Amino acid sequence: MTTPEPSSLNRRAFLKTSGVAVGASALSGIALPKVFAQGSDRLQIALIGCGGRGTGAAVNALGQIGSPKLVAMADVFQAKLDRSYNSIKAKFQDQVDVPEERRFIGFDGYKHAIDCLKKGDIAIFTTPLAFRWVHFQYAIEKGIHVFMEKPVTADGPTSRRMLELGKKASEKNLKVGVGLMSRHSHAMQELHSRIQDGEIGDITFMRGYRMQGVIGSAFSEPWPGEPNELLWQISRFHSFLWASGGAFSDFYIHHVDHLCWLKNSWPVKCQGVGGRTVRTAPGGKPYVDQNFDSYSVEYTFEDGAKLFLDGRCMNGALPLYSSYAHGTKGMAVVSKNGDCGRPSSTYKGQSPTKDNLLWTSPDPKIADDPYFNEWEDLMSAIRNDKPYNEVERGVMASLVTSMGRYATHTAQEVTLNEMLNHEHEYAPDADKLTMDSPAPVKADSKGLYPVPEPGIKTKREY
Ligand SMILES: NC(=O)c1ccc[n+]([C@@H]2O[C@H](COP(=O)([O-])OP(=O)(O)OC[C@H]3O[C@@H](n4cnc5c(N)ncnc54)[C@H](O)[C@@H]3O)[C@@H](O)[C@H]2O)c1
């Protein structure tokens, strides 16, 4: 797999906007120790959370310059780890060196996997988000660079904790990538650059849609009794706010993130409406998860500009999966299809017609895989010892997404500050869980979990 070097324009745009400045500005003028893998310049990787994305991220990592090696893996399910190992090994025979003794099962597996690394190696965190801060904290302690998937938090307390951890990582000169890959799409980077240069004027409103059928583990029937309730909830993480922030956080964060990036700011407040039509599965069992099936959130920025975000998990309804920005001079199709699907394009006026077209990103067939690019950028920062820390923007995107979910679930207006300073932690003691721990949310006698009740539960989501 090859990806061309980004054009210098794109590279400049990336440096200007990608958030690498977080680490750089905070620490300018201070000489930091270089953190390179000791004893070898061949980077070693540990994969923690060996599901679909973890396997994909490892493949992206192993495809980078220098032929990094996968040396350790951890999961809470043996079958997941085995499947992931076989899949990665089939693609990168010579770069996978994970004998049985470096495959770890259990909630402490992350420690053992990280302990297999040398300072300056890389850990990949692709479990559901509840464990991000736990794993990140240990990687920082051990001097390990990190790639972690989005979202990174679902609540106020862990957002505050992750912001602090992000600063610590920069203080130790660790490089941290967060899987908000839209910002690494070269097409979207050029769009960002054009918007900063005023091509569509000042942004006044934006729209994001992710409306689809029921996907992932968003809807769950009652716990079948095995595996234990904790492991079952983890295996159906989209259903539980403690594990993932629910369908809202997991599915809609990319649109929140890339639209706020184009606007160069985060909204200060929001309000939303939503609900759930279907609470009974086709076979007659109740759905017991904590999600709504429809969400519509109005975010407001400091300057009064709006971001409207619509999300839906409903079979039979109109599918829409795209995003748009509207400015005083024109508009942009940001993602034509998907989280950051090309082409991105700009138009004069407010209609995306052929006649109004100002610019469109290069042919979608030209290689521009943001999942590969985000690794290229992280690895390049490690090799060249450049400041690189995407944690702050990862936390802010997660927090703004949580704010939309919270506002809809409670039917209240919520400010960013209120969300950040909220005291409800959804997975307290995530660092102490063992294979036998009780699950963070318990079912009632009918097998039902607490769900949001807008207008009734107004101070907490559940
Ligand atoms: N950037 C993207 O476009 C993108 C796409 C898909 C998923 N993701 C993110 O990646 C993460 C994983 O999603 P997925 O689709 O791969 O889910 P998945 O269920 O396929 O994988 C998660 C894996 O983590 C394991 N796990 C859970 N808790 C663990 C723990 N404490 N220690 C070790 N392993 C643990 C699970 O057993 C599972 O194998 C989520 O945060 C998701 O939002 C991002």
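Which residue in β11 stands opposite Ile203? Gly327 does.

Ground rules first. This is a predicted model: local features need pLDDT of at least 70, side-chain atom pairs count only at pLDDT 80 or more, and totals for chains, interfaces and linings use all residues. Residues are numbered from 1 along each chain as its sequence is written, and side-chain values use heavy atoms, with hydrogens and water left out.

Some terms. Helices (H or I, at least four residues) and strands (E, at least two) are DSSP runs, numbered from the N terminus. Two strands pair if DSSP finds at least two bridges between them. Buried means under 20% relative accessible area, exposed over 50%, and partly exposed in between, with a 1.4 Å probe and protein chains only.

Now the open sheet. Nine strands form it, in the order β14-β13-β12-β11-β7-β10-β9-β8-β15, and the pairing is mixed. β14 (357–360) and β15 (414–415) stand at the edges with a single partner strand each, so one side of each has no neighbour in the sheet.

Look at β7, residues 203–212. Seven of its ten residues are buried, so the rest of the structure largely encloses this strand. On one pairing, β7 runs antiparallel to β11 (residues 320–327), with eight bridges. With β10 (residues 306–313), β7 pairs in the parallel sense, again over eight bridges. There, Met206 has Leu307 as its bridge partner. Further along, β8 (residues 269–275) and β9 (residues 294–300) are antiparallel, over seven bridges.

Next, β4, residues 122–125. Which way do its side chains point? Ile122 and Ile124 point one way, Ala123 and Phe125 the other, and all are buried. β4 runs parallel to β1 (residues 44–48), joined by four bridges. Ile48 has Phe125 as its bridge partner. Four bridges also join β4 to β5 (residues 145–148), in parallel. Ala123 stands opposite Val146 in that strand. β4, helix α6 (residues 132–142) and β5 make a right-handed β-α-β unit. Right-handed means that, with the strands pointing away from the viewer, the path from the first strand over the helix to the second runs clockwise.

Ala411 follows, with a positive phi near 60°.

Last, the spaces. On a 1 Å grid over the protein atoms alone, a cavity is a set of points where a 1.4 Å probe fits but cannot get out; a pocket is an open set with protein on both sides within 12 Å along at least five of seven lines; lining residues have an atom within 4 Å of a point. Grid points are joined across faces, edges and corners, and a volume is the space filled by probe spheres set on the points.

The largest pocket has a volume of about 840 Å³. It is lined by 43 residues, and Gly51, Thr126, Thr127, Pro128 and Phe237 lie nearest its centre. Elements giving two or more residues to that lining include α3 (52–62), β2 (69–75) and α6.

How many cavities of 30 Å³ or more are there? One. The largest cavity has a volume of about 80 Å³. Its lining includes Trp133, Asp155, Trp242 and Glu425.
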